[in-house]
Amino acid sequence: MSASVPALFDLTGKVALITGASRGIGAAIARTLAASGAHVIVSSRKTEECETVAAAIRDSGGSAEALACHIGEMEQIESAFERISARHGRLHILVNNAATNPYFGPLIDTDLAAFQKTVDVNIRGYFFMSARGMKLIAASGGGSIVNVASVNGVRPAAGQGLYSMTKAAVISLTQACAQEGGPLGVRVNALLPGLTDTKFASALTSNPKILAGVTQRLPLGRAAQPDEMVGAVLFLVSPSASYTTGACLTVDGGYLVS
């Protein structure tokens, strides 16, 4: 018998960890995975902001908890996985969404502090979250990791040279983890969002001149809303993507073909 459409996206009984989930794309992903049956661990740097999202999910009938974790701090990564192991004993889904972009401007003017912060979060953080996540997911019987990269990892954007470089590294990390994760039962894929109207992208979206310059080159002619990213993530972590690993799913309004 063929699987029904709801069954293809059913996450009942799954435990999902989403980083950078206190707002924007991460919060939208958390709400959607919870609505699909997963127990969602809403993670970001501040417990209070995570709890706001988790409480809203619970109020809507979903299952969620808050977990503070700054992925730029190695001890916090270790602590987060220790807490998940102690409380749940398993993990099936990891969405690496937390990222930083403290500097917007010419690459040649990037200072060391901005460089270090961006690399610590966007590369080192993703690397060790993925490594720890793969071990726990494999021990739980298998599952899925989705790394939120960016179209900037394919086509570097003006004023975002450092950020673009780190997102290219996330794409490479995704492919390397997919190779190693396959035999362990862990699928690893990447989401490549285009311009999305979030606080994170406010340097672009809050400047009418910059925003107009970007959107006029997009076939869809506008920035995305956070909820427009979640369908791709739901697909990648669900049974419907059981033969999909190492893929980079672009959701960019046509940016890369313009």
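**Exercise 1.** Is R132 buried, partly exposed or exposed?

*Solution.* The model is predicted, so local features are given only at pLDDT of at least 70 and side-chain atom pairs only at pLDDT 80 or more, whereas totals for chains, interfaces and linings use all residues. Residues are numbered from 1 along each chain as its sequence is written, and side-chain values use heavy atoms, with hydrogens and water left out.

Step 1. Recall the classes: buried means under 20% relative accessible area, exposed over 50%, and partly exposed in between (1.4 Å probe, protein chains only).

Step 2. R132 has a relative accessible area of 23%, and therefore R132 is partly exposed.

**Exercise 2.** Identify the salt-bridge partner of R132, and then examine two further pairs.

*Solution.* Step 1. Side chains of opposite charge can pair when their charged atoms come close. The criterion here is a side-chain nitrogen of Lys or Arg within 4 Å of a carboxyl oxygen of Asp or Glu. By this rule the model contains six salt bridges.

Step 1. R132 meets E78 in a salt bridge, at 2.7 Å from N to O. This pair links distant parts of the chain, since E78 belongs to helix 4 and R132 to helix 5, 54 residues apart. Helices (H or I, at least four residues) and strands (E, at least two) are DSSP runs numbered from the N terminus. E78 is partly exposed because its relative accessibility is 27%.

Step 2. A second salt bridge joins E65 and R87, whose closest N and O atoms are 3.3 Å apart. E65 lies in strand 3 (residues 63-68) and R87 in helix 4 (residues 74-87), so the pair ties together parts that are 22 residues apart in sequence. E65 is buried, with a relative accessible area of 11%, whereas R87 is exposed at 61%.

Step 3. R222 counts as partly exposed at 41% relative accessibility, and E228 counts as partly exposed at 38%.

**Exercise 3.** Describe the pairing and burial of strand 4.

*Solution.* Step 1. Two strands pair if DSSP finds at least two bridges between them. Strand 1 (residues 15-18) pairs with strand 4 in the parallel sense over three bridges, and A16 has I93 as its bridge partner in strand 4.

Step 1. Strand 4 also pairs with strand 5 (residues 143-148), in the parallel sense and over four bridges. The partner of I93 in strand 5 is S144. From strand 4 the chain passes through helix 5 to strand 5, in a right-handed β-α-β crossover. Right-handed means that, with the strands pointing away from the viewer, the path from the first strand over the helix to the second runs clockwise.

Step 2. In a regular strand the side chains alternate between the two faces of the sheet. In strand 4 (residues 93-96), I93 and V95 are buried on one side and L94 and N96 on the other, and both faces are covered.

**Exercise 4.** Which crossover connects strand 2 to strand 3?

*Solution.* Step 1. Strand 2 (residues 39-44) and strand 3 run parallel and are joined by six bridges. V40 stands opposite A64 in strand 3.

Step 1. The chain crosses from strand 2 through helix 3 (residues 47-59) to strand 3, and this β-α-β crossover is right-handed.

**Exercise 5.** Why is helix 9 described as largely enclosed?

*Solution.* Step 1. Six of the eight residues of helix 9 (residues 230-237) are buried, so the rest of the structure largely encloses this helix. The buried residues are V230, A232, V233, L234, L236 and V237.

Step 1. Their cover includes helix 2 (24-35), strand 4, strand 5, strand 6 (186-193) and strand 7 (248-251).

Step 2. V233 counts as buried at 0% relative accessibility. Leaving aside residues up to four places away in sequence, V233 touches I29, V95, V146 and L191, where contact means heavy atoms within 4.5 Å.

**Exercise 6.** Where is V119, and is V119 buried or exposed?

*Solution.* Step 1. V119 is located in helix 5 (residues 112-139), and counts as buried at 17% relative accessibility.

Step 1. Beyond four places in sequence, the contacts of V119 are R124, L162, M165 and T166. Of these, M165 lies in helix 6 (residues 161-181) and counts as partly exposed at 41% relative accessibility.
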